[in-house]
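Please read the following report alongside the sequence and the three-dimensional model. It moves from the whole chain to the details of single residues.

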Amino acid sequence: MAVRSLKGAFSQHIHALVDELITLRMLVEATLDFPEEDIDFLEAADARGKLAGLQGRLKTVLAQAQQGAVLREGMNVVLVGAPNVGKSSLLNALAGDDIAIVTDIAGTTRDTVREQITIDGIPVHITDTAGLRDTDDTVEKIGIERSGKALAEADLALILTDPAEGLNQKTRDILAALPPHLKKIEIRNKIDLTGTAPALSDGLTLESGADTLIALSAKTGAGLDLLKQALLRQIGWQGESEGLFLARRRHTLALETAQTELDNAALCGNNQIELMAEHLRLAQAACSGITGEFTADDLLGVIFSRFCIGK
């Protein structure tokens with residue numbers, strides 16, 4: 001698998017995209033700022049064709065960067081659920097070691113426990129959160145606060161339920177405290193007690209907010225492979241391929257913002273040129289987090305250098 005460095009091909013691609021974006025902004029801004037020149041920059045230069053091409057190239061670079069970010073930084077997964085549903089057992093099963101203490105006593109995990117595993121070469125950072133519940137125990141309260149921090153930084157939550165109780169009120173209270181856009185997989189644990197076969201179901205409308213349901217046993221390991229497959233799918237991992245960029249998450253976030261702004265610009269009609277210009281400006285502002293700042297004065301200089309404005 002060829003993985004290109006941020007300082008190499010990725011940087012070159014981003015600078016090339018920004019150069020195209022500057023050219024497009026120049027055309028739009030020149031039309032707005034110098035109407036007396038009576039030059040229809042947009043149609044003459046096929047501005048909308050350039051925008052469509054820019055959208056396509058950004059989409060390709062973003063996809064490669066997202067896969068590279070997954071390979072470089074992995075994903076953050078949190079185990080959540082009512083006390084004593086098997087979160088610590090699942091962490092131990094995934095880690096292949098006794099990382100967390102397992103007992104039948106609710107509240108055994110009084111602090112977050114973090115472990116990294118590797119699935120098909122992808123690092124997965126798993127945090128076993130202290131059971132989120134009301135408690136008077138000072139130490140457990142601190143652990144629960146740390147659990148909240150872990151949730152805020154997570155990419156995905158594994159929501160464990162006990163098949164004997166299902167989605168009880170304790171679990172519903174926990175779900176209400178989760179970040180609204182956090183991806184979720186619901187885990188029905190302890191199938192060794194119910195005689196249920198391991199299973200993975202997708203496309204469901206679950207009360208937990210997850211669209212994937214996995215039945216497994218953390219105790220016996222039955223169904224763990226299904227969970228690992230689901231984790232890779234949730235982060236969009238497409239397997240080893242040529243041309244991945246070892247980008248960071250902040251870079252992919254910047255490119256995602258730029259993509260949204262370009263899409264918005266493409267929706268603007270011919271009588272919304274000022275709005276198009278603003279979306280293009282925001283797209284470049286997003287890219288500036290990667291390439292460095294490009295000011296309005298810089299753009300004005302480009303316009304004067306490339307066109308005989310006012311001559």
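## Overall make-up

The model is a predicted one, and its secondary structure comes to 11 helices and nine strands. Of the 311 residues in the protein, 45% are buried. When contacts between residues at least 6 apart in sequence are considered, 73% of them join residues at least 24 apart.

## The sheet

Seven strands come together in an open sheet of mixed pairing, and their order across it is β3-β4-β2-β5-β6-β8-β7. The edges are formed by β3 (113-119) and β7 (199-202), each of which pairs on one side only. With direction ignored, neighbouring strands of this sheet are turned by 25 degrees against each other on average.

Several of the pairings can be followed residue by residue, and the table below lists three of them with their sense and their bridges.

| Strand pair | Sense | Bridges |
|---|---|---|
| β3 and β4 (residues 122-128) | antiparallel | seven bridges |
| β5 (residues 156-161) and β6 (residues 183-188) | parallel | six bridges |
| β6 and β8 (residues 212-215) | parallel | three bridges |

Within the antiparallel pairing of β3 with β4, Thr118 stands opposite Pro123 in β4. In the parallel pairing of β5 with β6, Leu158 has Ile185 in β6 as its bridge partner, and where β6 runs parallel to β8, Ile187 has Ile214 in β8 as its bridge partner.

## Helix α4 and what covers it

Which residues of helix α4 (residues 87-95) are buried? They are Lys87, Ser88, Leu90, Leu91, Asn92 and Leu94, a set that includes a lysine, a serine and an asparagine besides the leucines. The cover over these buried residues includes the strands β2 (75-80), β3, β4 and β5, together with helix α8 (224-234). Just after α4, Gly96 takes a positive phi of about 70 degrees.

## The cavity

How many cavities of 30 Å³ or more does a search of the whole structure find? The search finds one, and about 40 Å³ of space lies in the largest cavity. Its lining is made by Leu17, Leu21, Leu54, Leu58, Ala258, Leu262 and Cys287. The elements that give two or more residues to this lining are the helices α1 (6-33), α3 (47-73) and α9 (249-266).

Is Asp120 buried or exposed? Asp120 counts as exposed, because its relative accessibility of 62% lies over the cut-off of 50%.

Lys190 also has a positive phi, near 65 degrees. Lys190 lies in the loop between β6 and α7 (191-194), and β6 is the strand that pairs with β5 over six bridges and is joined to β8 by three bridges.

Key: Residues numbered from 1 in each chain as written. Predicted model: local features only at pLDDT ≥ 70, side-chain atom pairs only at ≥ 80, totals over all residues. Heavy atoms only, no water. Pairing = 2+ DSSP bridges. Helix = DSSP H or I, 4+ residues; strand = E, 2+ residues; numbered from the N terminus. Axes fitted to C-alpha atoms, helices over the stretch in contact; angles between N-to-C directions. Buried < 20%, exposed > 50% of the residue type's maximum accessible area, 1.4 Å probe, protein only. Contact = heavy atoms within 4.5 Å. 1 Å grid on protein atoms, 1.4 Å probe; cavity = no way out; pocket = protein on both sides within 12 Å on 5 of 7 lines; lining within 4 Å. Points joined across faces, edges and corners; volume = space filled by probe spheres on them.
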